[in-house]
Amino acid sequence: MSELKEALSKEYYKEPAPIPQSDSPFASMMERFRFAADILDLDEGVFQYLSTPEKVVMVAIPVTMDDGRIEVFEGYRVIHNSILGPSKGGIRYAEDVHLDEVKALAAWMTWKCACVNVPFGGAKGGVRVDPKKLSMPELERLTRRYTTNMFEVFGPDRDIPAPDMNTNEQIMAWIMDAYSMKSHKNDTAVVTGKPIILGGSKGRREATGRGVITTTLAALNKLKISPSDASIVVQGFGNVGSVSAQLIYEQGAKIIAISDVSGGYYNKNGIDIPKAIHYSQTNGYSLEGFDGAEKISNKDLLELECDVLIPAAKEDQIDKDNAGKIRAKIIAEGANGPVTANADKILEENGIMVIPDILANAGGVTVSYFEWVQDRHGYFWTEERVNRRLNRMMREAFDNLFTVSEKYSITLRQAAYVYSIDRVATTLKLRGIYA
Ligand code: NAD
């Protein structure tokens with residue numbers, strides 16, 4: 001950091017954002033990693049190997065702003081591990097991105113890919129910028145220069161970025177183009193989450209919600225609850241929440257509550273989900289004013305009695321303070337890190353089955369894998385084929401974890417970490433340490 005600080009003038013240098021607190025999603029991830037390592041009796045050297053990112057790259061990104069000034073932004077890419085294949089992970093643009101957060105998110109991606117048997121390692125990238133303060137041409141120049149500076153890191157066989165917070169299809173298209181200009185060929189497979197016309201995959205937009213529901217249906221089956229008898233609560237009505245709600249609605253389930261930043265909406269007789277989606281889409285992606293339900297708080301929504309609670313908004317929603325009040329039979333983690341590590345124990349004691357994020361929301365990375373496969377073949381699948389293969393992989397992953405959880409008498413979350421870490425560690429042993 002100090003080298004970069006010296007390289008940049010004081011005027012442009014921004015102090016790093018604070019390191020996350022001990023109950024942050026990242027600290028929670030490390031706690032779960034340690035627990036799984038103990039169960040597996042992981043060799044100390046392997047533990048160290050898997051706790052240390054393989055590569056950490058930090059770059060200065062000078063951008064000529066529209067008024068002619070030069071501004072310098074800080075960009076990161078962390079490859080946590082590439083034992084299972086090229087590393088995969090999103091790029092976020094946010095003013096408070098810091099290296100520790102990116103390192104932890106990169107590790108999270110390693111476990112997520114291993115958990116669903118996607119042959120990728122884990123990575124994450126970030127640029128410390130508030131994209132809302134940039135014009136489109138400035139955003140394009142920033143993205144292209146970040147890509148150019150990462151040319152030796154990215155690559156279809158090395159490291160494959162994807163969208164994350166504040167990055168989208170357009171930004172992925174610029175990354176693909178900038179990389180291809182430097183490599184002198186059309187490298188569509190260098191990035192996923194691209195527009196379909198540019199080598200994106202059909203079904204990618206709905207993939208995460210679809211994976212949430214495939215695993216939810218598998219969990220309901222284990223508890224012998226028919227989907228048509230199930231009551232569902234969904235927190236967050238964006239991409240993941242609204243698709244999850246729609247797909248389980250189509251299975252005949254009763255969605256008794258939904259929510260977004262404007263608050264919660266409750267109807268004990270069931271909410272008309274297509275109507276709610278239409279309302280939100282025609283109301284600036286907000287449920288504010290939706291009349292098919294009575295208004296409740298987001299806090300009360302989480303504590304409603306139901307069969308399945310799907311937190312699909314943001315991290316840290318269920319913590320040690322409200323975990324004891326959750327009255328769902330199943331929690332399907334659509335969001336990343338919606339349950340803190342210190343809430344896990346309380347949910348376990350209360351017999352609540354948690355489908356962990358690294359399984360439940362891995363449908364997105366699974367279809368990103370399909371996108372990469374299609375780009376490399378230059379042959380594109382029908383949406384029906386994408387969905388069929390996604391359902392199969394998610395279902396198999398759920399069954400694998402269920403078997404591990406029974407074998408060790410542990411929760412599905414613990415099983416997910418045990419399964420993923422074992423997979424990476426076993427591959428590492430077979431490959432050996434290169435010297
Ligand atoms: P999104 O921006 O489309 O939707 C987020 C929704 O949550 C919005 O409806 C927003 O109003 C709502 N929300 C925000 N704060 C809230 C709060 N305090 N209470 C209730 N609702 C609130 O985002 P998304 O793509 O649906 O992602 C949601 C979560 O899923 C994130 O944690 C994300 O990291 C995770 N995730 C997304 C994908 C994906 O493919 N989109 C993949 C894996 C994980």
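Predicted model: local features only at pLDDT ≥ 70, side-chain atom pairs only at ≥ 80, totals over all residues.
Residues are numbered from 1 along each chain as its sequence is written, and side-chain values use heavy atoms, with hydrogens and water left out.

Staying with the ligand, a polar side-chain atom of T208 lies 2.7 Å from one of its oxygen atoms, and a polar side-chain atom of N336 lies 3.2 Å from a ligand oxygen; a polar contact here is a pair of N or O atoms within 3.5 Å, and within protein one must be able to donate a hydrogen and the other to accept it, with residues adjacent in sequence counting only if both atoms are side-chain atoms. In the case of G334, a backbone N or O atom lies 3.4 Å from an oxygen atom of the ligand. Taken alone, the ligand exposes 830 Å², of which the protein buries 70%, the areas coming from the Shrake-Rupley method with a 1.4 Å probe and, for residues, with only the protein chains shown counting as cover.

Where does the shell come from?

Next, the salt bridges, of which the structure holds 27, each being a side-chain nitrogen of Lys or Arg within 4 Å of a carboxyl oxygen of Asp or Glu. One of them joins the side chains of R92 and D164 at 2.6 Å, N to O; because R92 lies in strand β3 (residues 87-93) and D164 in the loop between β5 (159-163) and α6 (169-183), the pair ties together parts that are 72 residues apart in sequence. Both R92 and D164 are buried, meaning under 20% relative accessible area, whereas exposed means over 50% and partly exposed in between (1.4 Å probe, protein chains only).

A further bridge pairs K194 with E371, the closest N and O atoms being 2.7 Å apart. K194 sits in the loop between α6 and α7 and E371 in helix α13 (residues 363-377), so this pair ties together parts 177 residues apart in sequence. K194 counts as buried at 2% relative accessibility, and E371 counts as buried at 1%.

What about D344 and R413? Their closest N and O atoms are 3.2 Å apart in a salt bridge, which links distant parts of the chain, with D344 in helix α11 (residues 341-349) and R413 in helix α15 (residues 412-431), 69 residues apart. R413 is buried, with a relative accessible area of 3%, and a network of salt bridges links R32, E333, D344, D357 and R413.

I will finish with G284, which is placed in the loop between α9 (273-281) and β9 (294-296) and is exposed, with a relative accessible area of 64%.

Notes: Helix = DSSP H or I, 4+ residues; strand = E, 2+ residues; numbered from the N terminus.
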